[in-house]
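Let's take a walk through this structure together, one stop at a time. Have the sequence and the 3D view open side by side as you read.

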Amino acid sequence: MTQDTALYVYALLPGRPDAADGVTGLDGRPLRLVAVPGTGVTALVHDAAPEPFQGDDDRVRRWVAQQSEAVTTVWERTGSLLPMTFNVLVADDPATGRSAEQRLGEWIREQADDVENQLRALAGRCELRVEIALDRAAVAGQAGPAEAGDETRLSPGMRRLLAKQREQREKNAAGRLADTLHADLRRRLLSVAEDLRDRGTTGGADETAVLSASLLVRQEDVDAVGLVLSEAQARRPALRIRFLGPWPPYSFAEIRPREQTENAVS
Amino acid sequence: MVSDRSPMRPTREPRVTLDDLVEVLLNKGAVLHLDLIVAVADIPLIGVSVRAAVAGMETMLEYGMMRHWDEATRAWAERSVARRALDLREGERVLSRMAGGHLLTGGVYHGWRPGTVYLTDQRLVVLRDEPREILWQAELDAVRQVRLKPERTVGGEERLRLEVALADGRRELLSAREPETLHDLLSRSGAGRLAPTAAGEEPAVAEGHLWYEEPRRSGPLWRGGRARLTASRLTWKSPVDARPALVLPLTDLAEVGRAPGYGPAGEGSVLVLRTGAGDELRVAADDPARWVRWLESARPVAAAG
């Protein structure tokens, strides 16, 4: 039996004693706050054995949902927090006799300026996820009529070749259109969002990806982003739009590593 | 544009968003540079940062040093390592991977950015580990020449850097743990061949590195990237974006001018592109005069009056 000598860390947040009241995390464990004296920062944690959570995909998916729900609940209460990734554990250190809580506190004290600046910068902001793709079939219809002509007299090989060329033309046309739409949507989104991270495109087989991004948005501007999207949809019905969130700013919670220099390579 | 349309509402309904959350929580975002301690199955990695620990495991996995570890631990370590790897394209294969970095020049920041250098059968990439981001990359068929270049470090020692000359005339400096090995591999993988034009793509009149001043709510931001001028349009794309952030049909380009003062490429490097609608776009080039010539000659004659 392993003892709960470690802390599983969910997030760092501005000190507020009741922020974790009644909130549970992975497998229903009650969460608590660890205040760090001398700073305005607290850590959202539960006690854990000093080993990572691991299991099959379904279990991990369940844990992720639980972690996200817990962090979101606390985030809505405090208006700002720095969410951690999955499996961030701090163990105690038998060699020096320091407890996990002491070690976490030491780390936070060292980073307190960065953490507090980040918490201030992210206060009142949320993350939204936007995924936009073009329905290729709908675009092909608009790209102009296929070449007229009686193809039935052609050989099967020739017909295959023509079909392939047509498909390639459609893909190219959709790609060009997607470029234009992307530039326009990106500009419109950046006029309301404070930051945007491109996430790389992953379109389905029958669609051409246009834009996939995480946005950092002030809470009061969520509707402004929604309006950009509904207008884009109205202008071009062939767009498929997914609009997710609001979430704590997962993709924007980042503390600059200190002194990352060429030395890391030597 | 003013609209009475009702705004689209975001959803965080778990049934719809769980896959996205899994990706966010396991792969990206939520990354803090914590020098915290994870004790993996009774093997305490005391005093080692998570990043270093995972990097160490990567090495151990490569050399089979973890075979005595129990299966579950190994699987966890493998997952941790896998999420730091480069996202490969379809059919792309990694030829070599080593610690290294890219020298960022020309902008406000100037300095080495460390990461992992990947050589695949398609491109040369410098990937930052945490948070994972492509710091720099080049298609192999855009690489014209690679040579080893000695350089004296601040500490007074000499190290070999890899100078990569690209088709557009830029020269980039990379560091690598084994510069000679990387140089050999790059030379052998055929870097230097002329790039074939992608099927159906409009041929470029001009192509090269360009800065684009992207308008943003929080104030404009100069970003580095690649510009491509064809007979019909100018596009500009950042290497960290999937598609161009600027697409300007040349029929929309009313005027090309130079702006006084400093840009990211030095004094007098800024070009102002005025659109038919009266908007002003700003780009900056190392060779502004050449871009003005290219743009002027590509601009439709009818718009020149």
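Our first stop is B:Arg147, a partly exposed residue with a relative accessible area of 37%. Please keep in mind throughout that the model is predicted. What does the side chain of B:Arg147 meet in a salt bridge? The partner is B:Glu163, with 2.9 Å from N to O. Because B:Arg147 sits in strand S7 (residues 143-152) of chain B and B:Glu163 in strand S8 (residues 158-166) of chain B, the pair ties together parts that are 16 residues apart in sequence. Is B:Glu163 buried or exposed? B:Glu163 has a relative accessible area of 7% and is therefore buried, given that the cut-off for burial is under 20%.

Staying in chain B, look next at B:Glu207 and B:Arg226, which form a salt bridge with their closest N and O atoms 3.7 Å apart. This pair links distant parts of the chain, 19 residues apart: B:Glu207 belongs to strand S10 (residues 204-214) of chain B, and B:Arg226 to strand S11 (residues 221-230) of chain B. B:Glu207, at 36% relative accessibility, counts as partly exposed, and B:Arg226 counts as partly exposed at 33%.

The side chains of B:Arg243 and A:Asp179 meet at 2.9 Å, N to O. Why does this pair join two chains? B:Arg243 lies in the loop between strand S12 (233-237) and strand S13 (246-249) of chain B, while A:Asp179 lies in helix H4 (residues 156-190) of chain A, so the bridge runs from one chain to the other. Both B:Arg243 and A:Asp179 are buried.

Charged residues of the two chains also come together in a network of salt bridges. From chain A it includes A:Arg186, A:Asp195 and A:Arg197, and from chain B it takes in B:Glu214, B:Arg216, B:Arg223 and B:Asp241. Over all chains, the count comes to 41 salt bridges.

Together with A:Leu154 and A:Met158, A:Leu161 makes a nonpolar surface patch of about 230 Å². A:Leu161 is partly exposed, with a relative accessible area of 41%.

Finally, step back to see chain B as a whole. Its elements are 5 helices and 18 strands, and 44% of its 305 residues count as buried. Among the contacts in chain B with a separation of 6 or more, 43% are between residues 24 or more positions apart. Chain B exposes about 15,500 Å², with carbon and sulfur atoms supplying 51% of that area.

Key
Residues numbered from 1 in each chain as written. Chains lettered and ligands numbered in written order. Predicted model: local features only at pLDDT ≥ 70, side-chain atom pairs only at ≥ 80, totals over all residues. Heavy atoms only, no water. Salt bridge = Lys/Arg side-chain N within 4 Å of Asp/Glu carboxyl O. Helix = DSSP H or I, 4+ residues; strand = E, 2+ residues; numbered from the N terminus. Buried < 20%, exposed > 50% of the residue type's maximum accessible area, 1.4 Å probe, protein only. Patch = residues over 30% accessible without salt bridge, like charges linked within 9 Å, V, L, I, M, F, W, Y side chains within 5 Å. Areas by Shrake-Rupley, 256 points an atom, 1.4 Å probe, with all protein chains shown as cover. Contact = heavy atoms within 4.5 Å.
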